[in-house]
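Please read the following note alongside the sequence and the model.

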Amino acid sequence: MTALEQLKDRKPFEHYLDLMFKVHTRRMACDQEIINKTERAFVIGLRSNDYEVRRKYFEEIHNRLPLNVAERLRGIFSDLDWEAVGDCFWLEHALDLMLRTCDQQGKAHSLTPFSQEFEVDSVFSFAKKSERGAVKDEVESVKLWMKSACNMPSKDVYSSICGLVHFNPPLCKGVWVSMFKGVWSCLASTQRFSMVKPIKELLGRDFHIKQQMQHPNVIQTIVDGCYQSHPRPGLPTSMIAYIGRMFNVWHTCINYLESRLKSASAGKVDGEVFVAPSSAAELTRESIDGLTSLYKTLEESDMHFALVTQNSRMPQTEIGLSCMQHHYFPEAQGVFYSLINEEHSLQVTAQERALWDEMWVSSVREQNQWDMLSDLSSTTQSYDLMLECAWRQNDFAAMKNLLQFANFGDPHQTKVYEVYNHLKNASVIEGMKGTNEAIQSVIRKWCILPEVSQLARVPCLQKLHQLVELEESC
């Protein structure tokens, strides 16, 4: 199927689509096994360049799904397999399917507040006195258009919206979020409960990674719709954190988890619809872990320290974090070292103990005490730290042995170490190849960072500077 679609000659692909359509519309005359094998790829017809082919495929999908709004939304999330069109913004088709359930016989005045009057005085306050006459004429023409639009048939409005969203993904995202929020608010509690699992399963599909570099993408749109709904679908914390990192949904996911943490800290878990409700204490712990990973990736150290300080039990933890925040690394090292030695006699959470270990390693790293870290990494079998220590100490033999392991946490930095290893072994061609792969890897990471975050781009710039020097040395 993919091979046919990539051919310059589109006829074989169009013939394939025509054959598949006949198979699925004449089910009684075809072998059921063939239908089952091609069912998942049926939505591929929505990718056709031929409008008539797309239309007949869409009409077939529309006729298969129930007209009930809740059932149709559930069908979009669970019954249809979107993998065949997973590399494009397929929510435009899903939104079209949802709009088909609306009343097509009414008037447009019930759809949007077109009939509301403009506050003309507020418009004039932004215009110069010499321009107010022209502004008044413009406002009057808009008001006349709105009044005429109120009498348009709903069918014309919906068809216009559907036509626009197919050419404007940001508009499609906005309409989908508004639609989902409105539909979700009208669902009964049992319907919301049954809808959460299909949403989770759809968000967890692997094919979404094909849209990672697209903005907006399907994941962003669905998560935005979930976040703006009330009560929100109870997505797993680990999933929210992963989606935030991988699909450039940073701030929405941070707000999602911050709101969850605030409710869980107050002992409430009723602001979201969970399939398997967790205790408030468990939600608090998971939310802190998710927020910590997002804050650290965005280099928001102040937010990270404030979060862990608020939820720490030991006053020494706050002292150590304050020393780290103000770059008093020797003092921080001493504080966390004493806490680690006394951890067996202290009643603290596993999270706080892990924080002590992490902060102690960070303080030692800032002081370039690589011998100490090398001994620690050998004891704990931390391959990332072992590799970093070997590189810092110019132990290329150890680096070569460590690079054989695949369980590294930072693939971007590991690529850099591989390039150093190739150059040390005089493998210039492999070094150039590895440098290009590492640069592409860092650029991909750059593209999924939020536009307004500057600190998060500093590590990427440092790695790119390092890679440029390596490329020049090849």
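**Note on the predicted model**

1. In helix H24, the residues Gly431, Gly434, Thr435, Ala438, Ile439, Ser441 and Val442 are buried. Buried means under 20% relative accessible area, exposed means over 50%, and partly exposed lies in between, with a 1.4 Å probe and protein chains only. Viewed down the axis of H24, these buried residues fall within an arc of 165°, so they line one face of the helix. The arc is that of the directions from the helix axis to the C-beta atoms. An α-helix has 3.6 residues a turn, so residues three or four places apart point the same way.

2. The model is predicted: local features need pLDDT of at least 70, side-chain atom pairs count only at pLDDT 80 or more, and totals for chains, interfaces and linings use all residues. Residues are numbered from 1 along each chain as its sequence is written, and side-chain values use heavy atoms, with hydrogens and water left out.

3. Helix H24 spans residues 428–447, 20 residues in total, and reaches 29 Å from its first C-alpha to its last. This is close to the 28 Å expected at 1.5 Å a residue, where the expected span is 1.5 Å times one less than the number of residues. Helices (H or I, at least four residues) and strands (E, at least two) are DSSP runs, numbered from the N terminus.

4. What covers the buried residues of H24? The cover includes helix H23 (411–424) and H25; contact means heavy atoms within 4.5 Å.

5. Glu469 is located in helix H25, residues 458–473. Glu469 counts as partly exposed because its relative accessibility is 44%. Its side chain is joined to that of His465 by a polar contact of 3.1 Å. A polar contact is a pair of N or O atoms within 3.5 Å; within protein, one must be able to donate a hydrogen and the other to accept it, and residues adjacent in sequence count only if both atoms are side-chain atoms. Glu469 and Thr435 are 34 residues apart in sequence, and their C-alpha atoms are 9.9 Å apart in space.

6. A polar atom of its side chain lies 2.8 Å from the backbone oxygen of Ala280. Leaving aside residues up to four places away in sequence, Thr284 touches Leu261, Ala264, Ser265 and Asn311.

7. The chain as a whole has 25 helices and 2 strands. Of its 474 residues, 42% count as buried.
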